[in-house]
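Here is my note on the model, in numbered points. Please read it beside the coordinates.

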Amino acid sequence: METTGQTFYFSQPGPINTERTLEIVLNRAAALRIGTILVASTSGSTAVKAATLLKDFTVVAVSHSTGFQRPYHQEFKAENAEILKEKGIRILTTTHAFGGIGRSVRKKFGTYETDEIIAFTLRTFGQGVKVAAEITLMAADAGLVPEGKPVIALAGSGSGADTAVVLLPTNAQTFFDLKFLEILCMPSPEHPAFF
């Protein structure tokens, strides 16, 4: 099957692009018959928006790990978790694929481990691309993605959503089998079209 897609480039990063990102995801998921959509969501706000618009898909909200901001603190708001629970949306809270023990080594010894080097490499495409890859690994490790089928992962540059990619998932231990199939949208303020 041959398919044609389009990549949308936003002139600036951030939550201003959330609604458009969700529309792009909705249209492309329907066109490609992708059933699972992963949503990076720190407070749960983006996940609630996604759950509302993408109600015909399996949506998985992936939060920051507990303790990410400060010890034992969870940033995902309880009221958003309750809304998602009512909608039947799973919330995945687990160790970050690119920042678990390796981040501890960096903080303690001032040196980088492989996982954070991979994260910095993926960030050359943008924060959202890195997060999309990371949440896909995390969801695969939790058994929340279909085996051998593409998913769409959406993420943002700090908050909201401004990046969406189609990925063929894999587990963290087989990271190099992760496949980027399409970049649906991303911020690109230094794209030549904006000068």
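1. H6 contributes the most to the lining of the largest pocket, with 6 residues. This is a predicted model, in which local features need pLDDT of at least 70, side-chain atom pairs count only at pLDDT 80 or more, and totals for chains, interfaces and linings use all residues. Residues are numbered from 1 along each chain as its sequence is written, and side-chain values use heavy atoms, with hydrogens and water left out.

2. The largest pocket has a volume of about 480 Å³. Of its 28 lining residues, Ala-40, Thr-42, His-64, Val-131 and Gly-158 are the closest to its centre. A pocket here is an open set of points on a 1 Å grid over the protein atoms alone, where a 1.4 Å probe fits, with protein on both sides within 12 Å along at least five of seven lines; lining residues have an atom within 4 Å of a point. The volume is the space filled by probe spheres set on the points, which are joined across faces, edges and corners.

3. H2 and H6 (127–141) each supply at least two residues of that lining. By class, the lining has 8 nonpolar, 15 polar and 5 charged residues. Ala, Val, Leu, Ile, Met, Phe, Trp, Tyr, Cys and Pro count as nonpolar, Asp, Glu, Lys and Arg as charged, and the others, Gly among them, as polar. Helices are DSSP runs (H or I, at least four residues), numbered from the N terminus.

4. H2 also packs against H1. Helix H1 (residues 18–32) and helix H2 (residues 45–53) meet at about 40 degrees, axes 10 Å apart. H1 is therefore oblique to H2. Axes are lines fitted to C-alpha atoms over the stretch in contact, and angles run from 0 to 180 degrees between N-to-C directions. Under 35 degrees is roughly parallel, over 145 roughly antiparallel, 65 to 115 roughly perpendicular, and the rest oblique.

5. Thr-18, Glu-19, Leu-22, Glu-23 and Leu-26 of H1 touch Thr-46, Lys-49, Ala-50 and Leu-53 of H2 (contact: heavy atoms within 4.5 Å). These divide into 4 nonpolar, 2 polar and 3 charged.

6. Next, H3. The axes of H2 and H3 (residues 78–86) come within 9 Å and cross at roughly 20 degrees. That makes H2 roughly parallel to H3. Ser-45, Ala-47, Val-48 and Ala-51 of H2 meet Asn-80, Ile-83 and Leu-84 of H3. This contact has 5 nonpolar, 2 polar and no charged residues.
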